[in-house]
Amino acid sequence: MSSRSLSAMKPFETNENDLESGKLDKDKDKATRSNRVLKMHNQALLSGLAYCVSSCSMILINKFVLSSYDFNAGISLMLYQNLISVIIVSILSFLGVIQTEPLTWRLVKVWLPVNVIFVGMLITSMFSLKYINVAMVTVLKNVTNVITALGEMYLFSKHHDSRVWAALFLMIISAISGGITDLSFHAIGYAWQLANCFLTASYSLTLRRVMDTAKQVTKSGNLNEFSMVLLNNVLSLPLGFLLIVVFNEVDYLSRTPLLRLPTFWLVITLSGVLGLAISFTSMWFLHQTGATTYSLVGSLNKIPLSVAGIVLFKVPTSLENSASIFFGLLAGVFFARAKMRERSQI
């Protein structure tokens, strides 16, 4: 009887052990999943923070160099920043940390028109930032969205819904009211910024057409973000040197005492590193989240940037101008949300 009872007990013991091991496996899976979700959440948070800090810092440091240091060679600053980017990307590519496409003559010929617009976009951004405060530059950049939307409609027959057009209308109103109430209004700065809006929109629209052709002439049949960064910055160097001569910045560089200050070199080198960091962190953030979150955070990021620009550079402002800036920033957020809804309906 005792042997029978023991043998009868064994299946129950086995079942209990199986249940316990099953519970342990489920608990392990649950813990693994929760750890994975927590890790993804932390990665998204960290990448978003890195993207926001690098993009804000880049604009604020450029403003500091051009206004506080009163550096009157914006093209030279752009050239140095691009050179820093080329050196860093080339080193990372050589070490195998990142993959870049080899620069062939066929690829250069295809990409050259885009690069000319890219250089113009960077230079006009430098010139406008020297004369206009950061908050107003941020609001005026919204005009780029209006030009891009019109370009998409005429070039690609893309139609936007009423929410998008309402947001674009609010952007135009905020830009006009901001300019009228701007206590530090500078006509030359506004002209440069308007040119920058047209060039930025042109770059975005042209890039869409050239990308497909460029991919066809690469060895891998693809063109990643790192290759685009390297391509744009390498091609900008000879054009930058030419523009330095045309705008006679060589004479200014030979006379300015700023180039003898180690701190000045440290600041402009940091600005070059941050310029490249924006490309890397935006890719990282986009990979961790998605286009929707990336777009919304990019719009929201303009709010602390504008506040920081006003406070750090002691910009004289009025209640009307502050309201216009805030209105323009909200219009940017509204535009991002409208674009999200439009994408979700496609």
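A salt bridge is counted here where a side-chain nitrogen of Lys or Arg lies within 4 Å of a carboxyl oxygen of Asp or Glu. The model is predicted, so local features need pLDDT of at least 70 and side-chain atom pairs count only at pLDDT 80 or more, while totals for chains, interfaces and linings use all residues. Residues are numbered from 1 along each chain as its sequence is written, and side-chain values use heavy atoms, with hydrogens and water left out.

By the salt-bridge rule the count comes to two. In one of them the side chains of Arg255 and Asp251 meet at 3.3 Å, N to O; these residues are four apart in helix α9 (residues 249-255), and therefore separated by about one helical turn, where helices are DSSP runs of H or I with at least four residues, numbered from the N terminus. Arg255 is exposed, at 55% relative accessible area, whereas Asp251 is partly exposed, at 35% (buried means under 20%, exposed over 50%, partly exposed in between, with a 1.4 Å probe and protein chains only).

Asp70 forms a salt bridge with Lys130, the closest N and O atoms being 3.1 Å apart. This pair links distant parts of the chain, since Asp70 sits in the loop between α1 and α2 and Lys130 in helix α3 (residues 105-131), 60 residues apart. Asp70 is partly exposed, at 44%, but Lys130 counts as buried, at 19%.

Ala44, in helix α1 (residues 2-68), is also buried, with a relative accessible area of 18%. Leaving aside neighbours within four places in sequence, Ala44 is in contact (heavy atoms within 4.5 Å) with Phe285, Gln288 and Thr289.

Terms used
Helix = DSSP H or I, 4+ residues; strand = E, 2+ residues; numbered from the N terminus.
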